[in-house]
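We will go from one selection to the next and see what each one shows.

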Amino acid sequence: MWHESWVGQGEGYACSDLMPMMSPCLLVAFLLFTSKSNFIFSKTGMIFDPHRLSPRGPPTPPPAQMGMFSYLCKGLRRASISNHSNPGLALMRCLSNVPENTVYGGPTPQNHTQRITLTNIRQKVKKGEPITMVTAYDYPSAVHLDTAGIDIALVGDSASMVVHGHDTTLPISLDEMLVHCRAVARGAKRPLLVGDLPFGTYESSTNQAVGTAVRVLKEGGMDAIKLEGGAPSRITAAKAIVEAGIAVMGHVGLTPQAISVLGGFRPQGRNIDSAVKVVETSMALQEAGCFAIVLECVPPPVAAAATSALQIPPLALELVLFAVVRSPPSSANSWGGDVNKGLLEYREEVMNGSFPSSAYSPYKISAGDLDGFVGSLEKMGLGCCIICSSQRC
């Protein structure tokens, strides 16, 4: 209950009467609520005057209240709040243990001199510089990626298996993916953030695909999305999302969301038809407007042919941070041990060109199928890819 102080011809509320009766949180709320009104600060105290009358001094508080009131006034004067345009907000910042420039300042603007954007990715491609990408699912992992200077942080639907313990990537929902996206977005301030579209959230129609992609950016804090290519409907979905103003990363080869028709987690591109499909799908995703393509579990000659056919960067199977610390996948080197050390070693091998390479790929294509694949490339008018698809690549 507030004590009213009648002063002169108007009604005012003396802070010396209010403060002893209010908790610190309630006091802050009161000051914030009244910060737009006429606060009068003086060396003897302060008055909130709703009628904006001439300055008046506060009534003399009882001795028991004088100590706390004097202490607060001294603190306010030291913080120069008496000249602040919003004294309530200034007081809240003084009571916080968080640095002032991080309190109630709204979203932190991206620093384009540090943040990786699509422009930076395209510049790297133009200069022939390697691109690093690592999958992360939570805040601590994202911070490690920041520290190691990774270019792209992918929030993959592989969280379904790695984090949630499912046998496939199919069960994870969009809402679950958004939780992972937000956690990574809070931790990774430098990398380009890419969020996977989970199974069942973009296949039905272009409207569904665009709606899901919008949520991943707006609610998940991502910069771009990734979807698995293959079927014509998914190529159409990619094009619609790009036309909606959202950057898209494609995914070909082993596409885990299609294990029902693939017959399990099986490498792709090991026969003529499958190898041709990898190249054709990659080119179709590029035509749809994708800025990059993930090539997963394909033989080196097929990956080399797809790389030669593309103008956008093809990315090797993204490294999962959990694999850096535990058992690396068959397509990765042994970057085990300390997280930061492992990430730095991975980045160094990418930058010096030792990864990815055929030395780390167990996937092979027979000599007969390779010859047939080369013949198919010639028929497609992709003669430039033939040399790259030789077994030596």
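Select L227 first. Beyond its neighbours within four places in sequence, L227 is in contact with L197, Y202, R234, A237, A238, I241, V248, M249, G250, H251 and L285. Keep in mind as you look around that this is a predicted model.

**On to a loop**

Now move to the loop that links β9 (247-253) with α11 (259-262), and select T255 there. Is T255 buried or exposed? T255 is buried, at a relative accessible area of 6%. Show its surroundings and, setting aside neighbours within four places in sequence, you will find T255 in contact with E228, G229 and L262.

**Last stop: a helix**

Select residues 339-351, which form helix α15. Its 13 residues reach 18 Å from the first C-alpha to the last, close to the 18 Å expected at 1.5 Å a residue. Now colour V339, G342, L343, Y346, E349 and V350, which are buried in α15. Turn the view to look down the axis of α15: the buried residues fall within an arc of 125°, so they line one face of the helix. In general, an α-helix has 3.6 residues a turn, so residues three or four places apart point the same way.

To finish, step on to G353, which follows α15 and has a positive phi, near 85°.

Notes. Residues are numbered from 1 along each chain as its sequence is written. This is a predicted model: local features need pLDDT of at least 70, side-chain atom pairs count only at pLDDT 80 or more; totals for chains, interfaces and linings use all residues. Side-chain values use heavy atoms; hydrogens and water are left out. Helices (H or I, at least four residues) and strands (E, at least two) are DSSP runs, numbered from the N terminus. Buried means under 20% relative accessible area, exposed over 50%, partly exposed in between (1.4 Å probe, protein chains only). Contact means heavy atoms within 4.5 Å. The expected span of a helix is 1.5 Å times one less than its number of residues. The arc is that of the directions from the helix axis to the C-beta atoms.
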